[in-house]
Amino acid sequence: MNRFALVLGLADDALIAAQRLAEWVANAPELEEDVALANIALDTLGRARVLLAHAGEIEGAGRNEDDLAMLRDEREFTNVQLAELENGHFGTTIARLWLYSTWQLTWWEALTSSTDETLAAVAQKSIKELRYHVDHGERWVRRLGDGTEVSHERMQDGLDRVWPHVAELFTNWVGTDLIEQGVTVAPATLEARCRERWAHVINEATLSTPQVPTVPGGGRRGIHTESMGYLLAEMQHMARSHPGATW
Amino acid sequence: MYGNDFGPSANEGEDVRPIDDAAAQVRFDALLADDERIEPRDWMPAGYRKTLIRQIAQHAHSEIIGMQPEGNWITRAPSLRRKAILLAKVQDEAGHGLYLYSAAETLGAERDELTEMLITGRQRYSSIFNYPAVTWADVGAIGWLVDGAAIVNQVPICRCSYGPYARAMIRICKEESFHQRQGFELLLTLSRGTDHQRTMLQDAVDRWWWPSLMMFGPPDDASPNTAQSMAWGIKRHTNDELRQRFVDMTVPQADVLGVSLPDPDLELVDDHWRHGPIDWDEFNAVLRGEGACNRQRIEHRTTAHTDGAWVRDAAAAYAEKHQRAAA
């Protein structure tokens with residue numbers, strides 16, 4: 001595990017989450033939500049771009065953000081599966097967005113003291129953005145959970161669908177050398193805080209912590225859900241159809 | 001576009017001047033004569049209110065429907081920079097829709113009602129959005145030509161007699177002009193690219209040029225609402241004046257892009273670029289619902305609205321529950 005792989009994994013988390021969220025634009029339940037989801041997608045895409053560029057610099061092989069985003073195959077993407085899960089209904093999207101953002105916030109709070117200066121700088125910006133994303137997610141979890149009977153059911157359904165992918169977030173995939181060098185923390189160290197926050201909000205929203213089987217995961221090893229191929233096909237087809245073109 | 005209103009006259013068969021409110025009418029006329037702004041609490045003729053609601057709503061609907069042809073390309077943008085620019089642009093359009101619906105609400109309309117009017121076809125949106133965005137170059141062409149035409153239409157509305165609409169337009173115009181430059185820059189990049197990219201660019205310009213000219217609405221002699229709208233200070237220039245302004249602005253830009261415009265009659269006469277005849281049959285056909293995407297655009301909006309109903313209901317129920325608890 002080297003620093004390139006770490007940064008690329010973090011970049012892919014953001015890139016794929018942004019790509020999914022952007023699918024909502026012009027489809028949201030109300031205009032304010034079109035604006036909010038686009039805003040969150042833009043923040044997340046912005047983080048992906050800085051991280052991809054940083055990964056390219058660390059690698060030193062001349063690959064830029066677009067080479068890394070558009071010209072890698074599915075097995076080379078190392079985002080967590082949670083980021084790529086299909087939008088489903090609004091409750092599912094909110095469940096994914098909320099769990100993802102809460103987890104990301106704990107990561108980036110930890111990375112504010114990273115010895116990798118770029119990561120530390122990205123962390124400073126990201127935590128401000130992620131606090132808003134978490135807040136947005138939590139508000140919807142409460143509104144839907146404690147709204148109508150229908151919304152309660154759908155919010156619970158959304159959580160149940162996404163929850164099997166939560167365990168993967170805390171699986172250790174970063175090298176001990178990077179932890180010793182202070183570049184990153186071990187993902188497992190984030191688990192207690194995340195789960196505590198989730199339990200608190202789930203309870204407030206009159207929902208239940210899902211009792212569903214965990215899936216094997218494997219995003220960090222380039223093993224993705226079947227929906228990932230379609231996401232990449234859509235995202236990459238222009239760049240791949242016109243090799244060498246500048247846009 | 002989106003400011004012009006090409007529907008039937010708003011005040012057909014109505015007496016817009018209430019006889020019992022002559023003093024208010026005098027004050028209203030004086031405000032218009034002094035080029036002052038009418039504000040929401042001011043008295044205004046029923047026809048003025050109705051015309052404005054319809055025009056602002058049509059403008060708002062156009063912003064919202066206009067999110068679709070470009071939004072369609074967000075997930076496929078060829079680079080991450082372009083993806084970010086496009087995402088921000090479509091987000092701006094949702095924002096414009098919001099300001100405009102708010103402006104319409106100051107006249108007593110409800111956003112829900114207006115949405116209902118849109119999806120049931122009782123109010124229009126700019127028919128330019130019934131053309132499909134089929135290649136990446138269309139995203140640039142929409143920015144350059146459609147937003148370009150929109151700006152020409154909209155800048156005068158910043159001086160519209162109705163205050164909230166005029167103020168909303170100031171902000172919208174700033175953002176639109178940014179979008180237009182971004183569209184042009186996208187096309188400029190294509191013009192400097194591969195043969196395939198240049199072909200894509202010319203093809204998009206060929207398809208979007210005439211529909212953009214149609215955005216200004218029918219020629220002056222076939223635009224029955226113009227005189228009243230101008231008298232009310234809602235409209236400041238005629239359709240043909242604005243169209244000419246757009247053509248004069250755009251022809252030199254086409255030159256910079258190295259594209260030809262699909263009009264063999266285009267020529268410079270007395271410092272103005274005169275265009276050839278516009279195919280008004282096509283314009284009317286698209287207005288009648290015979291455009292490529294009329295049905296799709298409304299279905300898309302309807303689906304988003306209908307699928308989102310349970311979410312809006314939940315938000316309302318939650319707010320009510322917690323307001324009660326707090327009381």
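In chain B, W144(B), L145(B), G148(B), A149(B), V152(B) and N153(B) of α5(B) touch L242(B), R245(B), F246(B), M249(B), T250(B), Q253(B), A254(B) and L257(B) of α9(B), a contact being heavy atoms within 4.5 Å. By class, these contact residues split into 9 nonpolar, 4 polar and 1 charged, with Ala, Val, Leu, Ile, Met, Phe, Trp, Tyr, Cys and Pro taken as nonpolar, Asp, Glu, Lys and Arg as charged, and the others, Gly among them, as polar. The model is a predicted one, so local features need pLDDT of at least 70 and side-chain atom pairs count only at pLDDT 80 or more, while totals for chains, interfaces and linings use all residues. Residues are numbered from 1 along each chain as its sequence is written, chains are lettered from A and ligands numbered from 1 in the order in which they are written, and side-chain values use heavy atoms, with hydrogens and water left out.

As for geometry, the axes of helix α5 (residues 136-154) and helix α9 (residues 239-257) of chain B come within 10 Å and cross at roughly 145°. Axes here are lines fitted to C-alpha atoms, for helices over the stretch in contact, with angles running from 0 to 180 degrees between N-to-C directions; helices are DSSP runs (H or I, at least four residues) numbered from the N terminus. The crossing of α5(B) and α9(B) is right-handed, that is, the near helix is turned clockwise from the far one by less than a right angle.

Over in chain A, α5(A) and helix α9 (residues 191-204) pack at about 145° with axes 10 Å apart, and this crossing is right-handed. On the α5(A) side sit W98(A), L99(A), T102(A), W103(A), T106(A) and E109(A), facing R193(A), C194(A), R197(A), W198(A), V201(A) and I202(A) of α9(A). That contact holds 7 nonpolar, 2 polar and 3 charged residues.

One edge-to-face pair is F90(A) with W140(A), at 5.1 Å centre to centre and 85° between the planes. F90(A) belongs to helix α5 (residues 90-111) and W140(A) to helix α6 (residues 117-145) of chain A, so the pair ties together parts 50 residues apart in sequence.

α4(B) gives the most to the lining, with 5 residues, and the lining divides into 6 nonpolar, 2 polar and 8 charged.

Conventions. Helix = DSSP H or I, 4+ residues; strand = E, 2+ residues; numbered from the N terminus. Phe/Tyr/Trp six-rings, centres within 6.5 Å; stacked < 30°, edge-to-face > 60°.
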